[in-house]
Amino acid sequence: MKPARLLLDTNILIDYLAQRQPFFGDAAKLRVAADFGDVELWLCAQSIADVEYILRKAIPLERLRAMLKGVTGFCSVAAVNGEDMVAGLDSEWPDLEDFCIARAAERIQADRIITRDAEGFRRSPVPATDAATFFEALKADCGIEYEDVSNLLRA
């Protein structure tokens with residue numbers, strides 16, 4: 001079985017790093033699925049900067065940067081460029097960040113965008129779903145099931 005190529009939305013990365021409940025469990029399962037080779041995880045480069053901006057008041061900067069660097073050990077990073085930004089500004093997408101994530105997902109030929117805001121990606125050529133729905137499909141299609149690992153895994 002070829003691993004599913006998943007691009008994680010910024011909110012999933014925040015859930016993982018900040019261990020936000022009740023969302024951390026699904027984010028942690030994505031990490032474990034990547035460790036087992038069942039998925040290939042990607043981030044949009046912009047998400048790293050966005051997460052630092054959002055979490056820097058809650059997590060000391062040195063620790064936060066170390067955590068973000070650690071994430072790049074199990075997530076590849078897809079870039080967006082100036083052309084993408086201009087296209088986003090010219091687009092009818094209401095959220096430039098979502099446009100950039102969708103563009104990065106398209107560029108890496110992702111199978112899915114994993115998000116808690118699938119509605120924000122309704123214009124995306126790459127389908128978006130939440131992690132729970134992805135794991136239900138993984139179980140139904142491949143017989144692979146991941147239990148709750150949030151108590152074992154910390155960011």
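Helices (H or I, at least four residues) and strands (E, at least two) are DSSP runs, numbered from the N terminus, and two strands pair if DSSP finds at least two bridges between them. What you have open is a predicted model, where local features need pLDDT of at least 70, side-chain atom pairs count only at pLDDT 80 or more, and totals for chains, interfaces and linings use all residues. Residues are numbered from 1 along each chain as its sequence is written, and side-chain values use heavy atoms, leaving out hydrogens and water.

Start with the sheet. Color its five strands and you'll see an open sheet in the order β3-β2-β1-β4-β5, paired in parallel. At the edges sit β3 (75–78) and β5 (128–129), each pairing on one side only.

Next, select residues 4–8 and 39–44: these are β1 and β2, parallel and joined by five bridges. Click L7, and its bridge partner in β2 is W42.

Now go to helix α4, residues 61–71. Show L64, M67, L68 and V71, which are buried (under 20% relative accessible area; exposed is over 50%, partly exposed in between, with a 1.4 Å probe and protein chains only). Looking down the axis of α4, its buried residues fall within an arc of 100° (taken from the directions from the helix axis to the C-beta atoms), so they line one face. Exposed E62 and K69 are on the face turned away from that buried side.

Last stop: the loop between α1 and α2, where P22 sits. The peptide bond from Q21 to P22 is cis, with omega near 5°. Select Q19 in that loop too: its phi is positive, about 50°, although it is not a glycine.
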